[in-house]
Amino acid sequence: MTPTEAVQTRRSVRAFTDRPVERDTLTRILEKAQRSPSGGNVQPWNAIVLTGEPMQKLFDRVALEFPKGRAALKPEYAIYPEGLGGRYEDHRFGVGEDMYAALGIAREDKGKRLAWFAQNFRAFGAPVLMLVHTPKYMGPPQWSDIGMWLQTVMLLLREAGLDSCAQEAWAAYSPQVRKVVDIPPDHIFFCGMAIGHRDPDAPVNAFDVKRVALDDSVRWEGW
């Protein structure tokens, strides 16, 4: 698979098969991803890779909190900025509506939408969940470095025939995650990533995820 093919076929997969993922495969992928760029070669990414009983223990812990609604949500950072608006908010809202349309869940069916949202916290059926954290003193440049590392991991997963879904949603349950997983107290918990084999028959893995036109995000000068 070429880098272009990996980019074109990567998507946030939200329905996985139960086919297991070998640790050796993930080890090779993560070793390659260590070549990801970072300012000053700081390499600020840290991760914990869960499967089996430890992952199920985390699922069970968060399931206890889910019925409490927003009262249980305590992210360590603002997942979306308060001032998000314009085309940025339009695309955020639009992809959600397109996803629910693919699932056949109407906007007014709050119960089914909530039930689907809960699948985030079962990693959409993936057999592996990676949790990402970094020291609290790291700033926006280092968070950008983590993003480049995550993208590298996701593209290498595609090369290996695997798929993923980066999940900032896990950050909303940071205190509960920390009760189950040993994340250093001086680190901030950033996100999860579901890893596995996509279910090719699931409609949620097939809807069109729209992207802005290049001219809406890039300006050319001196050409």
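**Aromatic pairs**

A: The structure holds 12 aromatic pairs, where rings of Phe, Tyr and Trp (its six-membered ring) pair if their centres lie within 6.5 Å, and planes under 30 degrees apart count as stacked, over 60 as edge-to-face and the rest as tilted. This is a predicted model, in which local features need pLDDT of at least 70 and side-chain atom pairs count only at pLDDT 80 or more, while totals for chains, interfaces and linings use all residues. Residues are numbered from 1 along each chain as its sequence is written, and side-chain values use heavy atoms, with hydrogens and water left out.

Q: Why is the pair of phenylalanine 59 and tryptophan 170 classed as it is?

A: A pair of aromatic rings is described by the distance of the centres and the angle of the planes. For phenylalanine 59 and tryptophan 170 the centres are 6.2 Å apart and the planes are at 20°, so the pair is stacked.

Q: Is phenylalanine 59 buried or exposed?

A: Phenylalanine 59 counts as buried at 5% relative accessibility, and tryptophan 170 is buried with a relative accessible area of 0%; buried means under 20% relative accessible area, exposed over 50%, and partly exposed in between (1.4 Å probe, protein chains only).

Q: What kind of pair do tyrosine 77 and tryptophan 143 form?

A: Their ring centres are 5.2 Å apart with planes at 75°, so tyrosine 77 and tryptophan 143 are edge-to-face. Tyrosine 77 counts as buried at 15% relative accessibility, whereas tryptophan 143, at 23%, counts as partly exposed.
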